[in-house]
Amino acid sequence: MYITKTPTVPLRMTTTPSSDAVVAVLDNDTEIDPALHQHGSRMGWRLQRFTSADDLLGGAQAGFFNCILVDASMADLTVSDLTRLICTYAAHCPIIVLTPKSSPGTSVTTTRFRVTFVPKPDDPAIIAEEVNASIRAINEANRLEAFFLTLTARERQVMKFVVEGLLNKQVAFKLNISEITVKAHRGRVMRKMNARTLPDLVYMAARLGPASGSAANNLSAF
């Protein structure tokens, strides 16, 4: 994955967090579920409740989640189960893990989406906002993928080298094309990706993850 900084201009979402998002809730009692129903119905979420990690991992094979909310205090949820769940799904959607109130909050970005550890709040609205943020994140990722798919094979190659920090003349040398041609491709990449600045483009490449780099690597020059 590319290493990047926060973009200079915030990226705008083209979808809303209430667009029939599917939120999986892993909880073996009723502590979380009722609290989210009120917020979820207002925001347009569809909640799917699971009572064990095995149920979630098995039942999710045919489904798609915009966010997974896990109660880490479940008596039968082992560290191994939680690790397996994160490794299985963090590449596909954001995961929120509710920890005991005394635990520190943190976020880990080791895959395409963040895994956020949040001390269990007294106010369910705080959980709802975390879910909303996760849904916005997956909406953004889907938007960037749609932009990326509009790029030609050559434009993807140019984008890969540009976000790695290569100068136009270096990209031209690697692709055996003229610097003027590189500039033209680079301009089209910026327009199609809706990137205002180079840092924005680098941020987008990071959000797309390794797939964008792999796609460019697998393309033959033409």
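Colleague: Among contacts between residues at least 6 apart in sequence, what share joins residues at least 24 apart?

Modeller: That share is 65% in this protein. Keep in mind that the model is predicted.

Colleague: Noted. How many helices and strands does the protein have?

Modeller: There are 9 helices and 6 strands.

Colleague: And how much of the protein counts as buried?

Modeller: The figure is 45% of the 222 residues.

Colleague: Let's talk cores. Which residues touch the most other members in the largest nonpolar core?

Modeller: Leu26, Leu56, Phe65, Ile68, Val70, Leu85 and Ile95 do. That core has 24 residues.

Colleague: Which elements each supply at least two residues of it?

Modeller: They are β1 (22-26), α2, β3, α3 (79-89), β4 (95-99) and α4.

Colleague: Which of them gives the most?

Modeller: Helix α3 does, with 4 residues.

Colleague: Pick out Leu56 for me. What is it in contact with, leaving aside neighbours within four places in sequence?

Modeller: Leu56 is in contact with Ala24, Leu26, Phe50, Phe65, Ile68, Leu85 and Tyr89.

Colleague: Switching to rings. How many aromatic pairs does the structure hold?

Modeller: It holds 1 aromatic pair. Phe50 and Phe65 form it, edge-to-face. Their centres are 6.0 Å apart, with 75 degrees between the planes.

Colleague: Where do those two sit?

Modeller: Phe50 is in strand β2 (residues 46-50). Phe65 is in the loop between α2 (53-59) and β3 (67-71). They are 15 residues apart, and the pair links distant parts of the chain.

Colleague: Are Phe50 and Phe65 buried or exposed?

Modeller: Both Phe50 and Phe65 are buried.

Colleague: Now the helices. At what angle do α4 and α8 pack?

Modeller: The angle is about 105 degrees, and the axes are 10 Å apart. Angles of 65 to 115 degrees count as roughly perpendicular, so α4 and α8 are roughly perpendicular to each other.

Colleague: Which residues meet there?

Modeller: From α4 come Ala137, Glu140, Ala141, Leu144, Glu145 and Phe148. From α8 (residues 198-208) come Tyr203, Met204, Arg207 and Leu208.

Colleague: How does that contact of α4 with α8 split by class?

Modeller: It has 7 nonpolar, no polar and 3 charged residues.

Colleague: Zoom in on Ala141. Is it buried or exposed?

Modeller: Ala141 has a relative accessible area of 2%. Buried means under 20%, so Ala141 is buried. Its place is in helix α4 (residues 124-149).

Colleague: How far apart are Ala141 and Met204?

Modeller: In space, 8.6 Å, C-alpha to C-alpha. In sequence, they are 63 residues apart.

Colleague: Last one, Ser102. Buried or exposed?

Modeller: Ser102 has a relative accessible area of 72%. Exposed means over 50%, so Ser102 is exposed. Its place is in the loop between β4 and β5 (106-108).

Colleague: And how far is Ser102 from Lys120?

Modeller: Their C-alpha atoms are separated by 8.7 Å. Along the chain, Ser102 and Lys120 are 18 residues apart.

Terms used. Residues are numbered from 1 along each chain as its sequence is written. This is a predicted model: local features need pLDDT of at least 70, side-chain atom pairs count only at pLDDT 80 or more; totals for chains, interfaces and linings use all residues. Side-chain values use heavy atoms; hydrogens and water are left out. Buried means under 20% relative accessible area, exposed over 50%, partly exposed in between (1.4 Å probe, protein chains only). Rings of Phe, Tyr and Trp (its six-membered ring) pair if their centres lie within 6.5 Å; planes under 30 degrees apart count as stacked, over 60 as edge-to-face and the rest as tilted. A nonpolar core is a set of buried Ala, Val, Leu, Ile, Met, Phe, Trp, Tyr and Cys residues joined through side-chain atoms within 4.5 Å. Contact means heavy atoms within 4.5 Å. Axes are lines fitted to C-alpha atoms, for helices over the stretch in contact, and angles run from 0 to 180 degrees between N-to-C directions. Angles under 35 degrees count as roughly parallel, over 145 as roughly antiparallel, 65 to 115 as roughly perpendicular and the rest as oblique. Ala, Val, Leu, Ile, Met, Phe, Trp, Tyr, Cys and Pro count as nonpolar, Asp, Glu, Lys and Arg as charged, and the others, Gly among them, as polar.
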